[in-house]
Amino acid sequence: MGILTQLNTLPEKLLSCQPDEIHKVLSGPTLIHLEGQRKAPILISTLLHGNEPTGFWALQQVLRPYFVTDAVLPRSVSILIGNPKAAQKNVRSLPGELDLNRVWDKGDSEWHDMAQGVVHEMKARKIFASVDIHNNTGQNPYYACLNKVTGKNYKLCRIFSDLILFFDQPLGVLSKAFSKVCPSIILEAGVPQDPAGIQKVRHYLETILRIDELEENGIESTDLAYHVIAMVRLKEGVKLGFGDGPNSKVDLCLDDELESHNFQVIPSGTCIGWHKGSNDKLEVTDNEGKLINGKYFDFSHGQVRLKHALIPIMITHDIPVIQQDCLCYLVSPFDVSSRLSPK
Ligand SMILES: [Zn+2]
């Protein structure tokens with residue numbers, strides 16, 4: 001199985017070490033199987049991105065009491081610690097390395113082999129559910145994601161948050177691979193430094209470890225989730241800043257307050273920034289990758305105004321992240337009962 005290590009006991013040091021010390025205990029991606037009363041295991045995955053430690057902190061808190069008292073877990077768990085070396089450096093992945101949450105599809109790198117090994121092993125163990133835990137760069141409320149709209153996935157999400165996001169792209173994420181096998185979701189637990197996020201994930205894990213069966217039925221017509229309708233990128237070469245008014249030192253200055261509106265409706269006509277010149281500074285693409293500049297943002301009179309009411313998510317103020325990835329996604333709510341997959 002190449003770079004993947006599997007263990008059947010929990011190395012005690014993992015219960016007390018810091019994320020940047022895990023590499024002293026685990027040399028690479030490691031799947032740790034712990035037996036519980038109900039045999040079908042939950043896969044709990046964390047640190048696929050080395051700078052997103054909330055899941056690891058929460059797991060320490062969940063497991064410690066069982067370890068100290070020798071009590072048996074209510075359900076078997078398989079813990080995937082994704083990237084100890086990236087966690088040591090507190091980076092998403094090491095330079096030159098693949099993104100570990102993009103390798104869960106076809107491919108021939110050693111990381112793809114690792115991913116296929118995990119899926120194969122968990123199938124053989126008759127996996128009950130999969131929960132992959134991440135952090136956001138910007139201030140977002142806690143939310144859960146699913147890649148397949150099923151009653152079970154929705155319920156697993158709802159235990160964590162009322163805010164639920166469906167996404168189909170990018171390919172190669174762990175949750176999507178496991179959606180083909182079992183109920184499978186993602187937790188987005190706020191920024192990495194948020195202690196309340198750790199407590200929320202801890203409480204969530206304690207709850208789902210005690211679930212006997214997940215019911216398929218019971219979705220109400222009022223149950224909503226969000227789906228992505230567009231991605232907003234910064235146009236190449238545009239110098240970006242944040243502030244509360246026009247700023248001649250940058251090409252585009254976005255409102256400081258923008259980050260606090262993640263998952264909130266921003267009314268049509270709202271000014272969200274100021275810019276120099278007359279041309280658009282943002283590049284907007286729909287889910288098919290088609291450019292739809294001009295659909296949502298009006299760049300006239302030196303201001304950036306919304307042409308429609310919009311719900312942004314994942315807005316961050318981290319300019320390098322915006323340059324590498326995107327400024328935000330735009331989402332819209334949909335009725336879950338109308339989109340249920342058969343299984
Ligand atoms: Zn992540």
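Helices (H or I, at least four residues) and strands (E, at least two) are DSSP runs, numbered from the N terminus. The model is predicted: local features need pLDDT of at least 70, side-chain atom pairs count only at pLDDT 80 or more, and totals for chains, interfaces and linings use all residues. Residue numbers start from 1 along each chain as its sequence is written.

**View 1. N90, in the loop between α2 (84-89) and α3 (110-124).** Phi of N90 is positive, near 55°, and the residue is not glycine. N90 is partly exposed, with 13 other C-beta atoms within 10 Å. The burial classes count other C-beta atoms within 10 Å of a residue's own: buried means 20 or more, exposed 12 or fewer, partly exposed in between, with C-beta atoms placed from the backbone.

**View 2. G117 in helix α3.** G117 counts as partly exposed because it has 17 C-beta neighbours inside 10 Å. G2 lies 115 residues away along the chain, yet the two C-alpha atoms are separated by 8.8 Å.

**View 3. Helix α1 (residues 54-69) and its bend at L63.** The 16 residues should span 22 Å at 1.5 Å a residue; the end C-alpha atoms are 24 Å apart, which agrees. The expected span is 1.5 Å times one less than the number of residues. At L63 the helix bends by about 35°, and P65 follows within four residues. The bend is the angle between axes fitted to the seven residues ending at a position and the seven starting there. T54, G55, F56, W57, A58, L59 and L63 are buried. The buried residues of α1 pack against β3 (36-46), β4 (73-81), β5 (129-134) and α6 (195-209). Contact here means C-beta atoms, placed from the backbone, within 7 Å. Just after α1, D70 takes a positive phi of about 65°.

**View 4. Domain 1 (5-219) and domain 2 (228-335).** The bounds come from an automatic or database domain assignment. Taken over C-alpha atoms, the domain centres are 31 Å apart. Eleven residues from domain 1 and 14 residues from domain 2 make the contact. On the domain 1 side, five are nonpolar, six polar and none charged. Ala, Val, Leu, Ile, Met, Phe, Trp, Tyr, Cys and Pro count as nonpolar; Asp, Glu, Lys and Arg as charged; the others, Gly among them, as polar.

**View 5. The largest nonpolar core, with 89 residues.** Such a core is a set of buried Ala, Val, Leu, Ile, Met, Phe, Trp, Tyr and Cys residues joined through C-beta atoms within 7 Å. A144, I164 and L187 touch the most other members. Both domain 1 and domain 2 give residues to this core, so it lies between them. Leaving out residues up to four places away in sequence, L187 touches V131, I133, H134, A144, F160, V201 and Y204.

**View 6. G138, in the loop between β5 and β6 (143-146).** G138 is buried, with 20 other C-beta atoms within 10 Å. I313 is 175 residues away in sequence, but 9.2 Å away in space, C-alpha to C-alpha. Beyond four places in sequence, G138 is in contact with E259, N262, M314, I315, T316 and H317.

**View 7. The cis peptide bond from Q169 to P170.** Omega is near -5°. P170 sits in the loop between β7 (164-166) and α5 (174-179).

Notes. Contact = placed C-beta atoms within 7 Å.
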